[in-house]
Amino acid sequence: MAAQREWIEKDYYKTLGVSSTATDKELTRAYRKLAKQFHPDANPASEDKFKEISAAYDVLGDATKRKEYDEVRRLGASGFPGGFGGPGGGGFGGAGGPGAGTFRVEDLGDLGDLFGGLGGGFGGRRSRQAGPRRGADIEAELHLSFEDAVRGVTTSVNMAGEARCGTCHGNGAAPGTSPTTCPTCHGTGSLQDNQGLFSLSRVCPQCSGRGTIIETPCPTCKGSGIQRRTRSVKVRIPAGVEDGQRIRVKGRGAPGRANGPSGDLYVVVHVDSHRLFGRRGKNLTLTLPVTFAEAALGTTITVPTLDEPVTLRIPAGTSSGQTFRVKGRGVPSAGRRGSGDLMVTVEVVVPKKLTDEQRAAVEELARVSEAAPRDHLSDHLEATP
Ligand SMILES: [Zn+2]
Ligand SMILES: [Zn+2]
């Protein structure tokens, strides 16, 4: 429509001599002043100028029209960058709509109404449901053993719900036939309408944006390409996943509509705990009980790992709580570098009961032990006044 074209070409703010942030009051004041100055009654030669001023105020003086005007100019000035219909916007994400940089009416949302008149007879919202749509992202839960989570595993996840039709493999055509390219849009799913500065595309009415035509629909899915059934998705779990982690499996979510791409599958991992080992990031942890004698005198102990056992040397004079590192026995990594370690924490175990012989030995130990290891506390044992 001519009006919108004019909006893009004419700076009404400049006509009224105000800034684009002027208040309604400022606009009215500016208009009145100019209208008086250029009124044809006062000066017949300024009639065109007066008309210009009136046209500007017709739009800017109306809050709704002004908003639309600002929007049109904003879009016109920026030449319609791919700002609309970006990933996730209106469900076209990833589809890479026909003709990058073109302006899809159905992505306009509220602006659709504003531009409704431009292309002649196609409203913004009406076509929203047509055309290819991306399938939904879905989430599935997966329980893993501690070992599988550490080492990584390839497994499958079973899901009930929408899936690609097993009969036609999702193309919607009966077995033995195949969809043909739509003759109206030549497979692009959209038609272009050039309106000067705007290049508008609309959904092809013959194929509803699919780009293909199904002559004999698949009897199972009746041409939709979608079927409700249980399906199994193979999932490769990388080494070192942690409890609660979400793993994205691209394109294995719900199937898209009208040749749209599938959504993604997110697998939420639940990792069982281990009888012996714990996890801290890439490292495994293990608590190793030792006797006082072993800690005091030192010893070597065979320690389990997730692979073969290793021999760990406990030096003489080890304290309870001290941690030793067994390199490379944690979460493996694809490369040589970056594997986690096994962290072994020594715990000196005090027996609950002693045999007579043990008691005699410990009493002897007490007799020959040096001063209590608590000298640093003595300063604080004085009674406070
Ligand atoms: Zn089918
Ligand atoms: Zn078509």
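Reader: Where does Lys 222 lie?
Author: Lys 222 lies in the loop between β7 and β8 (226-237). Strands here are DSSP runs of E with at least two residues, helices are runs of H or I with at least four, and both are numbered from the N terminus.

Reader: Before I go on, what sort of model is this?
Author: It's a predicted model, where local features need pLDDT of at least 70 and side-chain atom pairs count only at pLDDT 80 or more, while totals for chains, interfaces and linings use all residues. Residues are numbered from 1 along each chain as its sequence is written, and chains are lettered from A and ligands numbered from 1 in the order in which they are written.

Reader: OK, back to Lys 222. What's its phi?
Author: Positive, about 55°, although Lys 222 is not a glycine.

Reader: And why does Lys 222 count as partly exposed?
Author: Because Lys 222 has 13 C-beta neighbours inside 10 Å. The cut-offs: a residue with 20 or more other C-beta atoms within 10 Å of its own is buried, one with 12 or fewer is exposed, and anything in between is partly exposed, with C-beta atoms placed from the backbone.

Reader: Which phi does Ser 208 have?
Author: Ser 208 has a positive phi of about 55° too, and it isn't a glycine either. Ser 208 is in the loop between β6 (198-203) and β7 (212-213). It is partly exposed, since 18 other C-beta atoms lie within 10 Å.

Reader: Zooming out, how many helices and strands does the protein have?
Author: Nine helices and 16 strands. There are 385 residues, and 23% of them count as buried.

Reader: Let's do helices. At what angle do α3 and α4 pack?
Author: Helix α3 (residues 24-38) and helix α4 (residues 47-60) pack at about 160°, and their axes are 9 Å apart. The axes are lines fitted to C-alpha atoms, for helices over the stretch in contact, and angles run from 0 to 180 degrees between N-to-C directions. So α3 is roughly antiparallel to α4; that label is for angles over 145 degrees, with under 35 roughly parallel, 65 to 115 roughly perpendicular and the rest oblique.

Reader: Is the crossing of α3 and α4 left-handed or right-handed?
Author: Left-handed. In that case the near helix is turned anticlockwise from the far one by less than a right angle, and clockwise would be right-handed.

Reader: Which residues meet there?
Author: From α3 you have Leu 27, Tyr 31, Leu 34, Ala 35 and Phe 38, and from α4 Lys 49, Phe 50, Ile 53, Tyr 57 and Leu 60. Contact means C-beta atoms, placed from the backbone, within 7 Å. The residues split into nine nonpolar, no polar and one charged. Nonpolar covers Ala, Val, Leu, Ile, Met, Phe, Trp, Tyr, Cys and Pro; charged covers Asp, Glu, Lys and Arg; the others, Gly among them, are polar.

Reader: Switching to sheets. What's the order of the strands in the open sheet of four?
Author: β11-β12-β16-β15, with mixed pairing. The edge strands, pairing on one side only, are β11 (278-280) and β15 (323-326). Two strands pair if DSSP finds at least two bridges between them. Ignoring direction, neighbouring strands of this sheet are turned by 35° against each other on average.

Reader: How many bridges do β15 and β16 pair over?
Author: Four, with β15 and β16 (residues 342-348) antiparallel. Val 326 stands opposite Leu 342, and Thr 323 faces Thr 345. On the other hand, β12 (residues 283-290) runs parallel to β16, joined by seven bridges. Pro 289 has Glu 347 as its bridge partner there.

Reader: What does Thr 287 touch?
Author: Leaving out residues up to four places away in sequence, Thr 287 touches Thr 345 and Glu 347. Thr 287 is in strand β12 and is partly exposed, with 13 other C-beta atoms within 10 Å.

Reader: And what's the order in the open sheet of three strands?
Author: β2-β10-β9, again with mixed pairing. Its edge strands are β2 (138-144) and β9 (246-249), and the twist averages 30° from one strand to the next. Seven bridges join β2 to β10 (residues 265-271), and the two run parallel. Leu 142 stands opposite Val 269 in β10.

Key. Contact = placed C-beta atoms within 7 Å.
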